[in-house]
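Hello,

Here is the structure for you to look over. My notes follow below it.

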Amino acid sequence: VTPPAPAVTANDTTNTINYGSLTADEIANLEYSTNGGTSYSSTVPTIGSGNLTVLVRVKALGINPASPATTLSFTTNPDITAPSLTSSASLSSSSI
């Protein structure tokens, strides 16, 4: 019996994979590909701030084949450095 594709999503802001309601055992049976499905690994890939597509599937167990893959897309994160503020106004005090 082929299992369904895993219900995982990409959090592109934090560059992480959201596993939703999957149990620890279900997560342990996932495998990941960053080369279009040519090869899979049980190691969660490092997801930096660049563009990356990650395929996630349930690995083959016993006579059951691997599941179809869920495709997760990560994009380059924009630079969110706060602008620096400068002031050209001068403060003066006056007597009343």
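**Threonine 53 and its contacts**

Leaving aside neighbours within four places in sequence, threonine 53 is in contact with Ser33, Thr34, Thr71, Leu72 and Ser73. Bear in mind that this is a predicted model. Threonine 53 sits in strand E4, which covers residues 52-58. Its relative accessibility is 41%, so threonine 53 counts as partly exposed; the partly exposed class lies between under 20% for buried and over 50% for exposed. Asparagine 35 is 18 residues away from threonine 53 in sequence. In space, the C-alpha atoms of threonine 53 and asparagine 35 are 8.1 Å apart.

**Asparagine 15**

Asparagine 15 is placed in the loop between strand E1 (9-11) and strand E2 (16-18). Asparagine 15 counts as buried because its relative accessibility is 13%, and the cut-off for buried is under 20%. A polar atom of the asparagine 15 side chain lies 3.2 Å from the backbone oxygen of glycine 48. Gly48 is also one of the contacts of asparagine 15 once neighbours within four places in sequence are left aside.

**The protein as a whole**

The protein has one helix and five strands. Along the sequence the pattern reads β-β-α-β-β-β. There are 96 residues, and buried ones make up 20% of them. Take the contacts between residues at least 6 apart in sequence: 51% of these join residues at least 24 apart. The protein exposes about 6,800 Å², with carbon and sulfur atoms supplying 55% of that area.

Best wishes

How values were computed:
Residues are numbered from 1 along each chain as its sequence is written. This is a predicted model: local features need pLDDT of at least 70, side-chain atom pairs count only at pLDDT 80 or more; totals for chains, interfaces and linings use all residues. Side-chain values use heavy atoms; hydrogens and water are left out. Helices (H or I, at least four residues) and strands (E, at least two) are DSSP runs, numbered from the N terminus. Buried means under 20% relative accessible area, exposed over 50%, partly exposed in between (1.4 Å probe, protein chains only). Contact means heavy atoms within 4.5 Å. A polar contact is a pair of N or O atoms within 3.5 Å; within protein, one must be able to donate a hydrogen and the other to accept it, and residues adjacent in sequence count only if both atoms are side-chain atoms. Accessible areas come from the Shrake-Rupley method with a 1.4 Å probe; for residues, only the protein chains shown count as cover.
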